[in-house]
Amino acid sequence: MLKAKVLVVGPSECGKTALANFIADATEYIGGEYSPTQGVRFESSWPALMKDSHGVIIVFNADIPSHLKEIEMWHINFIQQQRLQDSQCLLIAHVKPGSGDQAERPHLSSALAKLTLVYSNLEEDPEDVRKEFVKYLQGVVSSLSESRDREEMSIIT
């Protein structure tokens, strides 16, 4: 069985924990009052977190203009510096409970525009979010499997 390490990163208060818990079936999604999670905000600890990661999910709230600038920083630090492929990354525009409809398509930098963008609204389409995550994770695991097979073939030959 292959194991994949996927990081979920993004600006404060964008819904990372709610989304991760929902996808992992760790809890049923229940909208409500914001309860902050203690995150890792110290850049000095990022290399340890990134070590041996196979994918990165960047979550942001498209309704908050500062998040668009912040996700560029997350992209540079967690994707570009780790030399991950675009297929190993997923960009999620998360709509927080009670904020209404899906946000307009955000204006993304050229590097971010290459990534798969998924809109997440756990109140209106939770199973669509789960389906997109499963599709993304299948791609990461497939890439990991192919990499392992190439490595084994290079040892054999």
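## Spaces and cores in a predicted model

By class, the second largest pocket is lined by twelve nonpolar, no polar and one charged residues. Here Ala, Val, Leu, Ile, Met, Phe, Trp, Tyr, Cys and Pro count as nonpolar, Asp, Glu, Lys and Arg as charged, and the others, Gly among them, as polar.

Before we go on, a word on the model: it is predicted, with local features needing pLDDT of at least 70 and side-chain atom pairs counting only at pLDDT 80 or more, while totals for chains, interfaces and linings use all residues. Residues are numbered from 1 along each chain as its sequence is written, and side-chain values use heavy atoms, leaving out hydrogens and water.

The spaces come from a 1 Å grid over the protein atoms alone: a cavity is a set of points where a 1.4 Å probe fits but cannot get out, a pocket is an open set with protein on both sides within 12 Å along at least five of seven lines, and lining residues have an atom within 4 Å of a point. A volume is the space filled by probe spheres set on the points, which are joined across faces, edges and corners.

| Space | Volume | Lining by class |
|---|---|---|
| Second largest pocket | about 180 Å³ | twelve nonpolar, no polar, one charged |
| Largest cavity | about 30 Å³ | six nonpolar, no polar, one charged |

Which residues lie closest to the centre of the second largest pocket? Of its 13 lining residues, they are Val 6, Val 8, Ile 23, Ile 57 and Phe 133. Helix H1 (16-23) supplies the largest share of this lining, three residues. Helices (H or I, at least four residues) and strands (E, at least two) are DSSP runs, numbered from the N terminus.

Now to the largest cavity. Its lining consists of Ile 23, Leu 90, Ile 92, Val 118, Val 129, Glu 132 and Phe 133. Helix H5 gives the most to this lining, with three residues.

Next come the nonpolar cores, sets of buried Ala, Val, Leu, Ile, Met, Phe, Trp, Tyr and Cys residues joined through side-chain atoms within 4.5 Å; buried means under 20% relative accessible area with a 1.4 Å probe, protein chains only. In the largest core, of 22 residues, those touching the most other members are Val 56, Ile 58, Phe 60, Ile 71, Phe 78 and Leu 91. H3 gives the most to this core, with five residues. Apart from it lies another core, of 14 residues, including Cys 14, Val 118, Leu 122 and Phe 133.

How values were computed: Buried < 20%, exposed > 50% of the residue type's maximum accessible area, 1.4 Å probe, protein only.
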